[in-house]
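Here's a quick briefing to read with the model open beside you.

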Amino acid sequence: MKLSFLGHSCFVVTINNKKILFDPFITYNELAKGIVSADTVEADYILVSHGHADHIADMVAIAQRTGAKVVSNWEIVEWAQKQGLTNVHPMNTGGAWDFGDFKVKCVSAIHSSGLPDGSYGGNPMGFIVTSQEGNFYYSGDTALTLDMQLVPRWASLNFAVFPIGDNFTMNVEDAVAAAEFVKVKQVVGVHYDTFGYIKIDAEKAKADFAASGATLHLVPIGGTIEL
């Protein structure tokens, strides 16, 4: 599977030639300016973990331009419909759906969720994505939680995507533990360095994962890796 990092917690995974875009926040990310643009991102599906602006800011514009199907919790999908989107699929924690090219199971994320206009954003979620090409877990913004130990019951993972910036989410130490809980050795770090609150020591972070027997990938904005 190919993963392209678009900054913050926004990334694209290509499965069966379908592009799955996660948590689109590009236009207002100063670190992404001049490197990637929401005006040119391609997507067949958009999966949104929760309603905070730094995960949903470009969702409507990209969905309108590409016709991508928006997949999220019930409240975010209702909000998306009020913005004029019609190609949507509501889900919620614990549920699963087969989209044909891949399957999605929604799992819990310990965080908060409010939409840009102040309305209720429903429960935050993580996503386990499974397919013939491989499986991965995107935790969304979350604290370390014992619920992660359930993930291997549902999928044997090729990789996981975890926030590592601390303050709002897990830090590196907790993400190392999360990797052990979900039994994965390849981790892509997100939700770091974008703001002053979430700056990290990248080399130390990589060393901490290496000490546990795992690899932390810090993909440059606009970069693509095979996993």
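Which residue takes a positive phi just after H3? That's glycine 84, with a phi of about 100°. Before going further, a word on ground rules: this is a predicted model, where local features need pLDDT of at least 70, side-chain atom pairs count only at pLDDT 80 or more, and totals for chains, interfaces and linings use all residues. Residues are numbered from 1 along each chain as its sequence is written, and side-chain values use heavy atoms, with hydrogens and water left out. Helices (H or I, at least four residues) and strands (E, at least two) are DSSP runs, numbered from the N terminus.

**The seven-stranded sheet**

- Seven strands make up an open sheet with mixed pairing, in the order S6-S5-S4-S3-S2-S1-S14; two strands pair if DSSP finds at least two bridges between them.
- The edges belong to S6 (88-91) and S14 (224-226), and each has a single partner strand, so one side of each is left without a neighbour in the sheet.
- From one strand to the next, the twist averages 20° (axes are lines fitted to C-alpha atoms, for helices over the stretch in contact, and angles run from 0 to 180 degrees between N-to-C directions).
- S4 (residues 45-47) and S5 (residues 69-73) run parallel and are joined by three bridges.
- In that pair, tyrosine 45 sits opposite lysine 69 of S5.
- H2 (residues 59-66) packs on the sheet, where it touches S3 (18-22), S4 and S5, and its direction makes about 165° with that of S4. Contact here means heavy atoms within 4.5 Å.
- H3 (residues 74-82) also packs on the sheet, touching S5 and S6, with its direction at about 140° to that of S5.

**Helix H3 up close**

- Ile76, Val77, Trp79 and Ala80 are the buried residues of H3 (buried means under 20% relative accessible area, exposed over 50%, partly exposed in between, with a 1.4 Å probe and protein chains only).
- Look down the axis of H3 and its buried residues fall within an arc of 160°, so they line one face of the helix; the arc is that of the directions from the helix axis to the C-beta atoms.
- Those buried residues pack against H1 (53-56), H2, S5 and S6.
- At the start of H3, asparagine 73 has a side-chain oxygen within 3.1 Å of the backbone nitrogen of glutamate 75.

**Helix H5**

- The buried set in H5 includes Val172, Ala175, Val176, Ala177, Ala178, Ala179 and Val182.
- Packing partners for the buried residues of H5 are S10 (134-138), H4 (151-154), S11, S12 (186-190) and H6.
- Where H5 starts, a side-chain oxygen of asparagine 171 comes to within 3.3 Å of the backbone nitrogen of glutamate 173.
- Just after H5, lysine 183 has a positive phi of about 60°.

**Buried loop residues**

- Threonine 169 lies in the loop between S11 (159-163) and H5 (172-182), and is buried at a relative accessible area of 9%.
- Skipping residues up to four places away in sequence, threonine 169 touches His111, Asp141, Thr142, Pro163, Ile164 and His191.
- Threonine 194 is in the loop between S12 and H6 and is buried, with a relative accessible area of 15%.
- The side chains of threonine 194 and histidine 8 are joined by a polar contact of 2.7 Å. A polar contact is a pair of N or O atoms within 3.5 Å; within protein, one must be able to donate a hydrogen and the other to accept it, and residues adjacent in sequence count only if both atoms are side-chain atoms.
- Neighbours within four places aside, threonine 194 is in contact with His8, Phe25, Asn29 and Leu31.
- Glycine 223 belongs to the loop between S13 (215-217) and S14, and is buried with a relative accessible area of 15%.
- Not counting residues up to four places away in sequence, glycine 223 touches Leu3, Ser4 and Phe5.
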